[in-house]
Amino acid sequence: MLANIASAACRRVLYHPEGMRSWLIAARKMTTTQRQEPKLTVDMAIDINKTHSSNLQNKEMMYSQLLASIKNRPEEPFHKRWQETMHVYMTSKLHTILHYGYSPDDNGIREFTKAFDQLCREDSSGQLLHFARQQHVALVQQAFGVEISPDEKLTLEQARHISSVIALKMQSDDFLSKIDEAIGQQEDMHAKQEAIMSAVVPLQMEVAATAGFPDDTGFLKMQCLMLQHSSDDQISYNTLSGLMPVYRRAGISLQSGAT
C-alpha cells in the first residue's frame, strides 16, 4: 500500500499540471538572474549524462519508482508505456540540466540538445554517444526488463536505411490518414501526443521487424542502437522530414511537440 501511495505522489509531481506549474515557477526563480544559456563543453556534457543516469537509477528517487511501476504494468498497451517512459526520461533530464544553468522548460531542453548534438558531431572518439546509448540501455532495462548486450550494434548504413524507411512511411497519405483518424476531434495537447504515439509506434515496430528487430523487445533494442548514430546529418534530416508532416497534420508546433 505504501508503494502505491508513493507512486501516486510521484505521478502528481510529473503529470499533474498544477504540480508541474508550481515546480516550474520555483525553478525559474533559480535561473532568472542568468543572462544566457551556459556554454556546453565535452566534460560538462559527460557530467550531465552521468548525473542524469544516476538520478534515473537511484532507487530513492521518483524516476526509478515510476520506471518500476511501468515495468509492473505489462498488460497496458505498449505505446502508452513507451510514451510514459519517455516522459519520465525527459522530465528527469529537465530536472538535471536545471542544475547546470539551463532554463527548466522547452527552451532549456532545446538548447542543451542542440549543443549536445553539435558536440557529438565534433567528437571523433564517440564517447558522448556511447554514454547516451548506455543511458537508454539502462532506461529500457528499468522500464521493460530488456537487456541489450554491448556487442549488439547497427552500422551507420543500417541506421540510415531504417530512418529513411520510417520517414517515407510517415510521409505517406495512408499514414497521415491514420493520424487524422487517431486524433479525431481531440484538442487537448496531451491527447494528441498519445494519439500520434499510438500510430507512430506500430509503424516503427513494423520497420524494426523487417530490419531484424521483432516485437516489443526488438523495437526497444532498435531505439537504443540507433542512438549511436543520432548525430548523423542524414539521420537527423530523415527524422525531421518524417515528423514534420505528422505534427503539421495534428496542428502541433514541432518545437513544442518534439520536446
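Rings of Phe, Tyr and Trp count as a pair if their centres lie within 6.5 Å. In this predicted model, that rule gives 6 aromatic pairs. One aromatic cluster is made up of Phe78, Trp82, Phe144 and Phe219.

Within the cluster, Trp82 and Phe144 were examined as a pair. Their ring centres are 6.3 Å apart. The planes meet at 45°, so the pair is classed as tilted. An angle over 60 degrees would be edge-to-face, and one under 30 degrees would be stacked. The two residues belong to separate helices: Trp82 sits in helix α5 (residues 78–98), and Phe144 in helix α7 (residues 127–144). The pair therefore ties together parts that are 62 residues apart in sequence. Both side chains can also be described by their accessibility. Trp82 has a relative accessibility of 6% and counts as buried. Phe144 is buried as well, with a relative accessible area of 15%.

A further aromatic pair is formed by Tyr102 and Phe112. Here the centre-to-centre distance is 5.7 Å. The planes lie at 80° to each other, and the pair is edge-to-face. Tyr102 is in the loop between α5 and α6 (106–122), while Phe112 is in helix α6 itself. This contact therefore ties together parts that are 10 residues apart in sequence. Tyr102 is buried, at 1% relative accessible area. Phe112 is buried too, at 2%.

Notes. Residues are numbered from 1 along each chain as its sequence is written. This is a predicted model: local features need pLDDT of at least 70, side-chain atom pairs count only at pLDDT 80 or more; totals for chains, interfaces and linings use all residues. Side-chain values use heavy atoms; hydrogens and water are left out. Helices (H or I, at least four residues) and strands (E, at least two) are DSSP runs, numbered from the N terminus. Buried means under 20% relative accessible area, exposed over 50%, partly exposed in between (1.4 Å probe, protein chains only).
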